[in-house]
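Please keep the sequence and the structure in view while reading.

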Amino acid sequence: MSFTDADLIARVLALEDQNAFGELVRRYQSPVRGFLTRLTRGDSHLADDLAQETFLKAWKKLHTFRGDAKLSTWLFGVAFNEFRGAARRRKELTLDDAENLPEEPATAINPEWRLDLTEALKRLNSNERTAVVLCCQNGLSHEEAAQVLDCPLGTVKTNVLRGKEKLRKWLAIAYENYESA
Amino acid sequence: MNPLKTNDPLDTLLREQNQYIEDNGFTARVVSALPRRRARFWTHQTFLLAVTVGGAVLAVRWLPWENLPAFNWSALLSLNSHLLVPWAVVVSVVGALVWAAVSAVQEED
């Protein structure tokens with residue numbers, strides 16, 4: 001018998017049921033870890049540490065989850081706050097450090113399109129990358145992403161638009177290089 | 001608008017890149033790091049509050065309130081031991097009870 005998220009949340013809140021919470025972690029560990037891996041530009045160790053902190057925070061704050069959004073959306077919000085907190089604590093992880101990178105990606109020919117996309121995503125600034133990852137990879141609506149990021153809807157739309165424009169441009173360069181090789 | 005509903009090839013590429021991450025013990029690590037169950041916490045807090053209430057009852061019952069000298073700042077500042085010692089006892093008992101009550105409440109955070 002499979003429990004719904006609401007059933008599991010109710011068990012956690014009423015009984016402090018760690019097994020029920022474990023099932024929620026099992027369900028959402030992949031999107032949360034993937035999201036944080038992209039925010040940390042592929043640092044999977046840091047992402048996993050942040051993901052663990054995210055779920056520990058979720059355990060403590062689950063009573064504040066009102067159920068008016070999807071649990072995944074709420075977890076992305078907790079994860080983003082953890083990332084932002086870590087970025088503030090760690091000088092080397094400032095939120096907009098990608099602004100200092102050159103606009104054009106390295107011209108080295110890369111036969112793997114997806115690898116190029118990974119590299120291109122890393123070059124977006126933090127706000128654009130977060131918006132693109134949430135909306136285009138994790139399927140959140142712009143409204144849900146605005147809720148996660150606690151910013152105006154227009155800002156999310158702009159960041160998605162700008163981020164995708166840059167990705168198209170950079171991927172086209174990489175693809176041209178691949179074609180001419 | 002849900003971006004997933006578009007036919008943009010870039011969206012398709014981004015979605016394809018978003019692959020499932022195997023658990024590999026992550027859930028077990030999270031569950032083992034969860035803080036102690038609140039049931040135990042409530043037991044501890046209830047015990048602390050019960051002891052505090054018990055102490056307050058005993059203090060009200062056993063302290064010689066009727067023999068307590070009237071409070072007088074000038075006598076107190078003159079360090080009169082007949083006034084100072086009984087009031088020091090009262091202040092210590094009340095202080096201990098307040099401290100216990102505050103500790104019990106603060107543990108919730």
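Which residue, with a positive phi, follows α2(A)? The residue is R41(A), and its phi is near 55°. The model is a predicted one, in which local features need pLDDT of at least 70, side-chain atom pairs count only at pLDDT 80 or more, and totals for chains, interfaces and linings use all residues. Residues are numbered from 1 along each chain as its sequence is written, while chains are lettered from A and ligands numbered from 1 in the order in which they are written.

Chain A contains eight helices and zero strands; helices (H or I, at least four residues) and strands (E, at least two) are DSSP runs, numbered from the N terminus. Of its 181 residues, 37% count as buried, that is, with 20 or more other C-beta atoms, placed from the backbone, within 10 Å of their own. Among the contacts in chain A with a separation of 6 or more, 62% join residues 24 or more positions apart; two residues are in contact if their C-beta atoms, placed from the backbone, lie within 7 Å.

Within α2(A), a kink of about 50° lies at Y28(A), shortly before the proline P31(A). The bend is the angle between axes fitted to the seven residues ending at a residue and the seven starting there.

Helix α2 (residues 18-39) of chain A also packs with helix α4 (residues 71-89) of chain A: their axes come within 10 Å and cross at roughly 35°. Such axes are lines fitted to C-alpha atoms over the stretch in contact, with angles from 0 to 180 degrees between N-to-C directions. The crossing is right-handed, meaning that the near helix is turned clockwise from the far one by less than a right angle. Y28(A) and P31(A) are among the residues of α2(A) in this contact, and the α4(A) side includes L75(A), F76(A) and F83(A). By class, the contact has 10 nonpolar, one polar and no charged residues. Here Ala, Val, Leu, Ile, Met, Phe, Trp, Tyr, Cys and Pro count as nonpolar, Asp, Glu, Lys and Arg as charged, and the others, Gly among them, as polar.

Chain A also touches chain B, in a contact that takes 28 residues from chain A and 24 residues from chain B. On the chain B side, the elements giving two or more residues are α1 (9-17), α2 (26-32) and α3 (38-62). Of these, α1(B) gives the most, with six residues.

Key: Buried ≥ 20, exposed ≤ 12 C-beta atoms within 10 Å, placed from the backbone.
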